[in-house]
Each structure stands twice: as structure tokens, then as C-alpha cells.
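This report looks at a few residues of one protein model. Please read it with the sequence and the structure side by side.

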Amino acid sequence: MVSTEQRQHAEHIFLSFRKSKSPFAVCKHILETSKVDYVLFQAATAIMEAVVREWILLEKSSIESLITFLLTYVLQRPNLQKYVREQILLAVAVIVKRGSLDKSINCKSIFHEVSQLISSGNPTVQTLACSILTALLSEFSSSNKTSNIGLSMEFHGSCKRLFQEDDLKQIFMLTVEVLQEFSRRENLNAQMSCVFQCYLALANQVLSWNFLPPNHILSCREVMHYIAMFEATQNVMLKPTASWRETLLDHRVMDLFFTVHRKIREDSDMAQDSLQCLAQLASMHGPIFPDENAQLTYLAHLMEGLLNMINGIEIEDSEAVGISNIINNLISTFPRSVLTALPNELFASFINCLTLLTCSFGRSAALEEVLDKDDMVYMEAYDKLLESWLTLVQEDEHFPRGCFVQPAVQVFNSYIQCHLAAPDGTRNLTANGVASHEEEEINELQEDDRELFSDQLASIGMLGRIAADHCIPLLTGLLENRVTRLHGQLQRHQQHLMASADPGTVDRKVLDDLYEDIHWLILVSGYLLADDPQGETPLIPSEVMEYSIKHSTEVDINTTLQLLGSPGEKATSIPGCNRTDSVIRLLSAVLRTSEVESRATRASLTELLSPQMGKDIVWFLRRWAKTYLLVDEKLYGQISMPLSTAFGADTEGAQWIVGYLLEKVINNLSVWSSEPDLANDTVELLVTLVEKRERANIVVQCENWWNLAKQFASRSPPLHMLSSTVQRTLMKALVLGGFAHMDSDTKQQYWAEVLHPLQQRFLNLINQENFAQICQEEAVKQEIIATLEALCGIAEATQIDNVASLFSFLMDFLSSCIGLMEVYRNSPETVNLIIEVFVEVAHKQICYLGETKSMKLYEVCLTLLQVYSKNNLGRKRLDVAAEEDQYQDLLLIMELLTNLLSKEFIDFSDTDEVFRGQEQSSGAGRAVSAADVVLYGVNIVLPLMSQDLLKFPSLCNQYYKLITFICEIFPEKIPQLPEELFKSLMCSLELGMTSMSSEISQLCLEALSPLAEQCAKTQEKDTPLFIATRHFLKVKMDDLAEYSELVETLLSNQRDAVIYQRLADAFNSLTASSTPPTMDRKQKVAFLKSLEEFVANVGGLLCVK
Amino acid sequence: MADADLDFTIGDAGASATYPMQCSTLRKNGFVVLKGRPCKIVEMSTSKTGKHGHAKVHMVGIDIFSGKKYEDICPSTHNMDVPNIKRMDYQVCNGEYYCTVSTSYIFTNFCFSTFQLIGIQDGYLSLLQDSGEVREDLKMPEGDLGKEIESKFDAGEETLITVLSAMNEEAAVAIKAMAK
């Protein structure tokens, strides 16, 4: 056994061997005599490193003979271990690359050699030839495969550019020749197949080359770009330079890859490479095409080849992803104008093929899900194809009208079929038709289907719009049918329960199947009917609008409204139900689902319901309401009569539906408090209803809304059983609703119902004589916590037009909260929540506040910090949660300070006059800036920070970010700080620079530089800031002094005159450019540049030592 | 010396040690009774069986006295017991009698009941209440905190001791130097 020390010792020997000077003769000797593979490997590495390091000193001839030696060595020893051989070839490649610019060493002779090797017909030799080419390619690609040889990006870029114009083409031609040769052969034995595979992989590598644009000087940004390229080489689109025209526009090249694939498609490894080559060819674009015509010819040929390849074969599992990549690349790369210029027949058969492929991949993907496979190749392929469809149909005006309708119908149908249970669908059916039904544990981290499959659903929804005539009635019919069945099933269960009264005996299989059907139908309907653009007002999709308009003449508006207004009845039982607007009928199908759910809860069947379905319903309604409710005719060129009659502003329909949605929300909140996600989606629906003034105006006219407000204010069941986040959002919604249009009496009454009880209860409680005695009682604590939660909710409701009143309301509480800090100083969970209220208020409101109001907020925040500090300073807690509690408090406090500081760069108070009339203008010049406040705040909490607490990475980060922020924005404030604060700030900086992570020290250095500039500006030498900064600079300067010493030692130890001169020159030019030190940006850049040059130039030399 | 049995009635006689709460309303950092022990909730997550199943709540708590970890999982509609937690500050001083005056912002009529630590015996703290009664049932905490109390007591420094109580169990958990 080898001990650890022995191993380390051995490693050390090799490492120092690799650093030895001019090891060439020794290495050659080792290579020729040693039998130990690992030693051979190390010798090759040593040669490579030494050549790069001692490049300047080597003669061209000796380098060339070294290359010849290495190549001959490898050729003569076919039985070398693979890793040794590759290492030697790597050395060759590195040497060639290093020499390609300044010593005119080129690949020509190597290529000559290689083509001879290839023509030898000996598989081993041919593989070796391939390895040589691959090594060169990797080295020159300037990608993550490239060795690190300590040269500038510019060097790598220039080498690459030179290489791609000539040598790369040469490699590609050699590769193509080999592939051609092999593809002509009838039978390939295993050995030949291996060679074939090597060259195929090489071809793939060439086609994945990330081409640099020719002949131009790199800008700084481009340099960054190439650096990024070093990191990633995946998904490069093929964009060759114009000089590649003859090579890649030759149809025979493309044909060859189709032929090759046909030949090897059953070998899954090779098939991956050949399909990837084709996918790269399908992504070709750029200057290689002289004109659009050339592009068209190329695309037509590609498409024909592809269709020939796909039709007439049964696709292997391993081909699915590759084929979908080809299609996806093709559709996203070629411009619409080229696609539409294709011969009609060709385009039609392409679309037809794409349709069949999509449906078939979809079915296979469903099978994969049933079998719970780890590797979901069909799902990936299906995703790709759906993405391609989306790209295609999003710009469908370029294509002949209606050309995508039939394909869309087919793809849509197959999607629905895969997601419905038997007999209508095939969900959970294995290939031989056996149903599988497993219930797995799903944790909260697993995304909901609507997010998990959002891309798929968006594509399917889009296709559904394209074929609205078919898809909307289809969804409606299926959903109505499922709802009727669900209703019947629940009724049967109810009777059954009344008979036996044991819910455990209920078989949920039928129910769960119905729920799952409904789940998918609602998701697809939601994605079809509406988009969910973040921030903007979503519009009714034009296809849906057109569809509704097209049929509006056949529609009876009254029956439509009747259908909409009677969610408790079966749709088909309404006379004339077939003459109703289909878009409205789809919505009303969802409302019918919702009604069945609500009735079941009233019949105490909640246990049997699916919370998932409940979520789907409110999710749909929310998405729908954002787009359709109170549809604004001004936003549309043309509007459908049924839609505007049913949902337009000032319509009974709109009022009715708002009332209905409100009732739904209230019902959900009372029966589903135990389902956090569902309650959350529900309350979000409520927020949607009130966040827009127009909708809120209707909402506040509903009696139910007032009931909800009263009920919530009274803190009685069931609303108080909701989780705290839901309660917060509910409070937010209630406050938002208060800013709807109401006459002043009503408004007063509203606030009296919503906000005043909160205040009243709170004041009554804390003003009780014995509050100090009862404050620890649970009921009291609960009440306090509920109030604090509500305050957070109120703060969240802040908008520019309500900030004035909300601020005054909250301010009263904030002062009381400070009292609570005293009372509950021993109750960390309450303290934490109190700080959170302050954080929320500062976060939401500070940017709108004028001077006086800001001052008030600053003041109260500072008092909070003082009290917190007083209660915690010198306190020692040793219970289990102590550290965690303190960490959370401090994190919130840092957040609070950062929020306050944000006033300095986000301030709407000057432009927006929300406080006009209230604010007494106090003349020019702000007395106290946010920075003062924050610095003062930092001073208060600083003593509470300990090095242990700084071990919480997020707290540490937040803290140093805050400090750096302050120094960067207000370097002039720093010298004016009180002495103690100044000292502790400087201590923090020192601590950060010396004993924290590199990220933190970087932050500290960033903080330091504005401080140093501040010193330089004022030119006063005895200010404390100057002294402190000098201290820091000294820390850094010590390094510099060491540096000079190091230089001296290096130079004196250097006996070799050539190297001595080089080093001395290099050091001189390094320091020359950096004196005299000014703060000019140009100077800094110049210094950085010479530093870079220096490192590249002598870095290798210094290592010789 | 007082009878140990009597000491259980100190504080809120009659108030129940726990009260029920629906599982879904519990929150992280809050408290719950797990396996009969008062715990601070340090982790809370939900899960369900099957896509259409109902939520279950999974809780991890730390015993507020022993620091031991407990876990439980239950349907989110169920009620869980929540312990009544009390934290009182006791002033420790040597000889003289102090009353902590709160610098409360808005409450003027508020003051903690104070106790005088008159000695440390056999690992128990002796505290004198306002009423003149002595309670000697509070164990001297082990480890650093105990040492700290002892040294502060010996040095005659004025300090506050925070006593945590829940479900008929009490422990000193923190000390703080009194603001002068």
C-alpha cells in the first residue's frame, strides 16, 4: 500500500520535474526507454509545458524537430496507452498553435502526413490520424477544450481566425473524404466502425465550430464575448465565413451526412453524432449565403433530404431528439421569406411530416411518463417540436391563410387525447393498453403542472387558437361532459355516505380520473383563451376575438347570457344552447365546474374534492378576468358583440360575474383554509379583482365584499384560520378595494369597517391597565401577531395614489410598535415580526414620501433600532434558537437600512405630488439625508454584530453590501462621522479585507477606492479618514514593498543573462507605465494592460525558477 | 423552604398549558407540541398523496428546553397543540431591591414583576418575589450561562435573568446587564 505521504511525495517529484528547465533531452530519453505509462505521460506533459514556457529561447528548427520526433514516436508505437498517445498529440497541437503566429510553424506538413496515414487503410493508423486532427481542432477552437497556455485572448483569437479560414477547411475535407469512403462500403467490421465513429465525431466538431467574424480588431466587449466562449461551446449555430461557400454549399456534403445517418442509425451513439451534424447544417446562416436564392436552394435540398430520411423509417428512440433538433434549428434559423418561397408541395409535405412526428412524439412522451422513465427522450423531442410550432404559427400571416389549421387540429387533438383518461383518451395507458394508476407523494417543491408544462401549454394554446373553430367547442364539450359526470359521481358518493357514513370506503379512482381530466381541460382552456403577460394589460387573442365575431350572427345573445348566468344548470338542458357564443360557453363550462365544487363543499363533501382542481379553477378565473372582464373596446380594432355585451363595462353580465367570483373567493377562503396553495391562488384572484380601479368599482358595490371585510376585521372563524401569508394578501386586497370609486359617506363607512376596527382593537388592547400582565397570554399574543400581519398587508397595498392616507395610518401604528418592542423584548418571534412591519413600510412607501414624511419614517425607524439595541446589547441568550433568532433580526434590520438608503436613488416624491397640500415646504436643502440615517442606524446595530453572526453568509453579504453602498454614494459623509462610528466602520472594513471571503474583500476594496479618492480631493493630510485610508493602503502597499523585494531577489538569482535582461525589461515596462499614479481612468486601464502583457510575457519564465 | 409541589402554581394558575390550532395556521418560528414536548418549529413543509390529494403538513421542531429534534406529519385540517410560552425577566441583584422601570414608548403603567436573587444553593437559584415569598425551584442553568450568572452574582453586578416557561417547565435562558 502507498501511504498518503508517499503519494504526496511522488506527486511532488512529478510536479517539480515538469517545472525543470529545458527538459527536452531528458524527456526524449524517458519516452524512448521507459515502459511505465504514467511516466511517459508525465514526460509528454513536461515537454509541452517547457516549450510554452521557454518559447522565446527556442529555435524554429529545434521546435520543428521536436514535433517530428513526437509524431514519429506515436506512429511507431501503435500500442501506446490511449491517454499517453493523446497527451503526446496534445503537446504537438499546443506547440503548433503557439508557433502559428510568430514562428510560422504551420499545419501543412502535418496534414500531409495525416492524409498519408488515412490512405494507409490501416484502421489503427487511421484512428491515430483522426486523433491528431481532433487535438489540433480542440487546441485552436479557443473553447473550454483548449489548454491553458498563459496567452492573451487576442492571441487565441488570432490563431483561431487564421485556422478557420484554411486549416479547419482542410480538416473538414479530409474528414468528408473518409466518411465518403466508409459510406460506400457494404459491410463494416467492428474496428472499421470505430474509425468511422471517430471521424463522424470530428465532423460534428467542425460543424459546431464557433466561427469568428473575419479580420477585425477585437473590441473590449468582444474580448469578453470570447472569454465567455471559453466557458461554453454548447448550442453553437453554424455561421461560417464566406470562404466556406464552395465547401458547405456543395449538395454532396449534405447528401453525405444523410447517407451516413441512414447507414449507422441503428447505432445509437453514432446516430447522435450524425443527427447533430445534420442539425448543425440546418442551423447554417450568415455570410456563407451570397443571396436569398442560395439560401432557398439549400433549404429545399435540406428539407427533401430530411423528408426522405424520415418517411419510410420507423424512428428509433435514440433518433427522436436529434430529428427534432434538426427541425427546430431549421425553423428558427431560416427567415419566413425563405420558408414561404419553398415549392408548395415540398412545404406541405414538410408540415405534414412535422404534424405526424409531433403527434407521435407526444404519444411516446406520454408512455414515458407512465413508465416513469429516467431519460425522457420523447418528452424532450416533443418539447422541441412544440416550440417549433410556436415559432411557425406566431408569424403565420406570412403563410397561406389557413395552412396551419388542419395540422393544428391534429396536434391539439393528440395532446388532449394523451391527457384524458380512457375511453376518450389514453392517459396512464401503457403500450399494450393496461392502465397504470399509482399515487405518489408530491412535495411542495414540485411545480404545479401549469408551470412545469407552461411551454407545452403555451404552444398547444396557440395551436388551439389557430384552429379555434374546432378546438373551443371540443374543449367545451369535453369539460361539460366531465362536469356532469363529476356531479353525478359526487351525488352517488353522498348517498353512499348517508347510508354508511364512512368516508374511508369511498373508491376515489373514478373521481380522481375525472379530476385529472378536468385539470388538463382547464389548463388548456386557460392557455387558449388568454395570455399572461407580466405587467402589461393582456389582450384577448386576436384569433379568439375573430372567432367570436365570425359566429356572432348565429348567436342568440339572451340565451348566451342565460347560459352564463346559470352555472348550476346543465348547459345542454338550456333551450337553444347551441346558438350561444362558444367563447362564453367555454368560460361558463369552467363556472359550472366551479359551481359543482362549491355545492359539494356546502354538502360537506369537501373531503372528496380535489384541491388541485380548486386551484385550477381559480387560476383559470384569474387569468380570464385579467383579459376579458370589463373588456375595453378602445384597445381593439373590432370587437365581438357577445363578448362586449356579456363582459363590457356597465353591463349586467360584468356585475353578475364579479359577484359570482367574489362569492367563489369567500367560499374558498372559508372551506379551504387548510390548503395553503389553493387559498393563496384564491386570494390572488381577489387581488386581481380589486387592483384595477375599474374592476374594484364594481367589487365594492357587492354586499359580499362588505361582508368579507367585516368578517375579516372581526377576526372570527373561518378567515382567521388562513395561513399568515394568505391573511396578509387578503388585507392587501381589502385595502386596495378601499380606493375604488365610492361617495364620501360610503368611503368613510368602508374604512370604518376595514381599517378602524384594526386600530380600535389594537388600541383597546395595549391601553388596558393590566396589559403588562396579560401580554404574555396566548390570546393576547395572537391578537398582536394578527395585527402585525395585517400591517404588513396594508403596506403591501401601497400604490402611488393611496400612499398619502396609508402612510398616516401606518405611522400611528409604527410608534405603538416600538412600545411593543419593549413589551415583547423576550419574545423573539414577535420582535421579528415587528421589524418586518418596518421593513415592509420602508420598502413600499419611502420612495413616494416627501421630506417631512421621510423624516418621520427615518425617526421612527431609528427609534426602533435604538430600542432593539438597548434590549439586546449585553444580553446573553443560550437557548437553542438564540443564534437563529438574532440572525433573522439582524438580516431584517440590514434590509430595513438598505430600503431606507434606496431613497437616495429611487425617489418619486419630487415629481409626484401625492402629498401636495399636506406637506409644508421647508425650503431648500435636505437637512437629513437617507445616508445620515442609515449611517446612524449602522452605528446602532454594529455592536450587535459579532464575528459569529457574520458567519451566516447572507447576513455577511447584506452587511458588507450596505457598507459599500454607503461609501460609494456618500464618500464625503464618511469623514464627518462621529468618532466611534467611524472607527467601527473602519474596523468592519479591515475585518472584511483580511478575514472574509474574496467576494467580501472585493466589496471592501470597492468601498475603499471612493474613500481614497475623497482623501485625494480634499488634500488634508491629518484627517482621520486620511489616516485610516493610509492604513489600508499601507496594508496593500506592504504587498507592493514585498513585490519590489521579490523582483530584486528574482533578478539577483538569475544567472542567465538573456533571461535577466528580459525580466528586467519586463519589470521596467510594467512600472514605467504606472507612474506617476494619478486617478485618471486612462491610467488605470493602461496599467491593467501592461500588467496583462507582463504576465503573458514573463509569467512562464518566472516559473522556470 | 417552600414545598416543591406548590411551586407549580406560580404564575398563571388555571391557564391551560396548551391550546389547539389548525395545522395550516402554524408558522415557521412558531411553537407546537411534538411528542408531548414544547417545540419551536424550525422547518415546515406540505405534501400530498397523489395530484388530487389533500395537503399534509410536515413539521420539524426543536424542544425549547432540551434542544432535541422532533418531527411529525399530519393532515393540514387537523388541530395541533400549541404550548403557552411565557418569558419573564427576573432581576438579579445582591442585597438591594430594584424595580425595572421600562422606558416604554407609550405604556406608562407597565412594569415587570421583579425577583431578587438572594442566593445560589445546591444548583438552584433562590429568588425573592415582590410578595416576599421565596421561590427556590428554578434550577441553575448548566454551562456558560450558569457560570455567567454565578460570576455576575459574586461580583454583585445588576443583571436581569430571563426565564422561559412552557407546559409546567421552566428554565433560565438569558441574562442581560441592566442599563444604568
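A:Cys130 is buried, because its relative accessible area is 3%; buried means under 20% relative accessible area, exposed over 50%, and partly exposed in between, with a 1.4 Å probe and protein chains only. This is a predicted model, in which local features need pLDDT of at least 70, side-chain atom pairs count only at pLDDT 80 or more, and totals for chains, interfaces and linings use all residues. Residues are numbered from 1 along each chain as its sequence is written, chains are lettered from A and ligands numbered from 1 in the order in which they are written, and side-chain values use heavy atoms, with hydrogens and water left out.

Over all chains, the structure holds zero disulfides, a disulfide being a pair of cysteine sulfur atoms within 2.5 Å.

| Cysteine | Nearest cysteine sulfur | Distance |
|---|---|---|
| A:Cys130 | A:Cys198 | 4.8 Å |
| A:Cys967 | A:Cys1004 | 8.8 Å |

A:Cys967 also counts as buried, at 1% relative accessibility.

A:Ile574 sits in the loop between helix H26 (557–565) and helix H27 (582–602) of chain A; helices (H or I, at least four residues) and strands (E, at least two) are DSSP runs, numbered from the N terminus. With 2% relative accessibility, A:Ile574 is buried. Leaving aside residues up to four places away in sequence, A:Ile574 touches several residues, including A:Thr559, A:Leu563 and A:Arg592; contact means heavy atoms within 4.5 Å.

A:Val253 belongs to helix H13 (residues 251–264) of chain A and is buried at 8% relative accessibility. Beyond four places in sequence, A:Val253 touches A:Phe172, A:Thr247 and A:Leu248.
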